[in-house]
Amino acid sequence: MILIILNFSNNTATLPEILQELQGQLNREHSSHINVRRSAIWSDTCRQMSRKKFSPGNNISVKFADNVGTSEGAVDVGGPKREFLRLAVRSANLDSGVFIGPEGCRMLYPNSLAREKDAYRLVGLILAWSVVHGGPGGKFLCPTLYDSVVYGPDVTNPSLDDVPTLQLKEKIQKIEQSTSVKELKERLYDEEIQTILSDLGASPVPSSIEQKDWYKKIILRHVLIDSTRYLLEEFKKGLQTLGVLDAMQRHPQQFRDVFTNENVNQLDAQCVDLLFTVHFAEMGSNARPKQELAVILWRDYLQDCESREAKATLGDVLAFATGADVPPTLGFDTTPTISFVDGAFPTANTCSATIRLPTIHDTYDDFKEKMDFAILNSPSFGQP
């Protein structure tokens with residue numbers, strides 16, 4: 001692990017400025033060669049990070065293998081790296097065993113097996129590694145967890161919204177809504193609440209209704225902060241990679257949108273369309289009318305993706321073409337482009353961020369069906 005202390009003297013710096021400074025420490029002369037399977041991203045990534053030659057500050061060069069272990073030949077010049085970072089961050093969220101709660105609002109979860117495998121630190125490392133190399137931060141940490149990381153657990157106010165299970169959240173809400181000592185006592189008598197109070201050494205017998213706020217406070221703090229405090233330190237050790245934790249603590253507001261889902265800017269059809277430059281054939285050529293029709297159908301398709309009338313989402317479309325399901329904060333290293341193919345299905349080259357639209361379809365329904373099929377069966381239709 002590399003820990004570098006950078007001098008972020010300007011607390012009003014923008015996120016792109018901060019990320020550019022973090023990227024200034026990368027070693028452009030050396031590469032970490034990452035060999036992974038899409039079907040086993042978490043285990044393969046952990047294995048790669050445990051190799052003696054691995055350095056998070058080196059360039060990332062990714063080669064994917066298919067499910068039977070043969071090389072796809074997807075040697076990284078940009079697109080495979082974006083896809084890898086997206087998949088690695090998603091796998092850290094869903095497959096590492098260190099989180100609990102809804103997919104978009106995750107809290108740390110005590111998992112002895114994950115801790116034995118150093119997963120809490122590795123997840124933090126993956127998130128920091130991804131952010132500095134132009135990938136996503138994940139946008140899945142609950143605000144309570146994010147605040148504990150950047151401000152410290154002792155000054156963080158836990159939020160009822162971040163309680164990871166609906167059942168426990170409802171029990172705490174009922175404690176808060178109690179209108180009499182008798183009602184409060186009955187709700188504190190719940191087995192799960194009793195276990196928490198026992199761990200805290202707190203009396204389960206209230207003496208006044210005013211104590212309901214105190215009970216709510218100590219239960220929330222125990223569930224969301226104190227019970228996983230030791231795991232938080234391991235998670236933060238990973239985030240220290242490449243100076244990311246220091247940057248987060250100096251610029252907590254700038255990084256909030258990188259790691260939490262509080263202020264989500266949803267992709268829209270126009271945004272995705274404007275990312276791409278169309279490479280048409282010459283005006284007057286036989287190919288031009290078919291290409292213009294394909295672009296019209298493409299724009300209709302993006303609108304259907306936005307309104308969920310297509311099977312694919314806009315994120316799926318962007319990932320198919322570029323390897324990233326959202327535009328990177330610092331932009332793509334190459335301008336995404338649209339070209340064309342005389343076939344039934346679209347193809348893509350994530351290295352050059354190119355999608356090739358089929359030009360043989362005369363109807364929108366045929367175009368839409370083939371777009372959905374190809375995008376949802378990626379990487380079969382990707383061509384690096």
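Is C351 buried or exposed? C351 is buried, with a relative accessible area of 11%. Buried here means under 20% relative accessible area, exposed means over 50%, and partly exposed is in between, with a 1.4 Å probe and protein chains only.

Before going on, the ground rules. This is a predicted model, in which local features need pLDDT of at least 70 and side-chain atom pairs count only at pLDDT 80 or more, while totals for chains, interfaces and linings use all residues. Residues are numbered from 1 along each chain as its sequence is written, and side-chain values use heavy atoms, with hydrogens and water left out.

C351 sits in the loop between strand 7 (347–349) and strand 8.

Now the overall picture. The protein has 17 helices and eight strands, taken as DSSP runs numbered from the N terminus: H or I of at least four residues for helices, E of at least two for strands. Of its 384 residues, 50% count as buried. The C-alpha atoms fill a box of roughly 85 × 45 × 45 Å along the principal axes. Taking contact as heavy atoms within 4.5 Å, 66% of the contacts between residues at least 6 apart in sequence join residues at least 24 apart.

Helix 3 (residues 79–94) has 14 of its 16 residues buried, so it is largely enclosed by the rest of the structure.

Helix 17 (residues 364–376) has 13 residues and reaches 18 Å, close to the 18 Å expected. Its buried residues include Y364, F367, M371 and I375. The buried residues of helix 17 pack against helix 15 (287–306), helix 16 (314–322) and strand 8 (354–358).

A cavity is a set of points on a 1 Å grid over the protein atoms alone where a 1.4 Å probe fits but cannot get out, and lining residues have an atom within 4 Å of a point. The largest cavity holds about 50 Å³, the volume being the space filled by probe spheres set on the points, which are joined across faces, edges and corners. Among its lining residues are M107, L108, L145 and S148. Strand 4 (107–108) and helix 6 (143–150) each give two or more residues to that lining.

Terms used
1 Å grid on protein atoms, 1.4 Å probe; cavity = no way out; pocket = protein on both sides within 12 Å on 5 of 7 lines; lining within 4 Å. Expected span 1.5 Å × (residues − 1).
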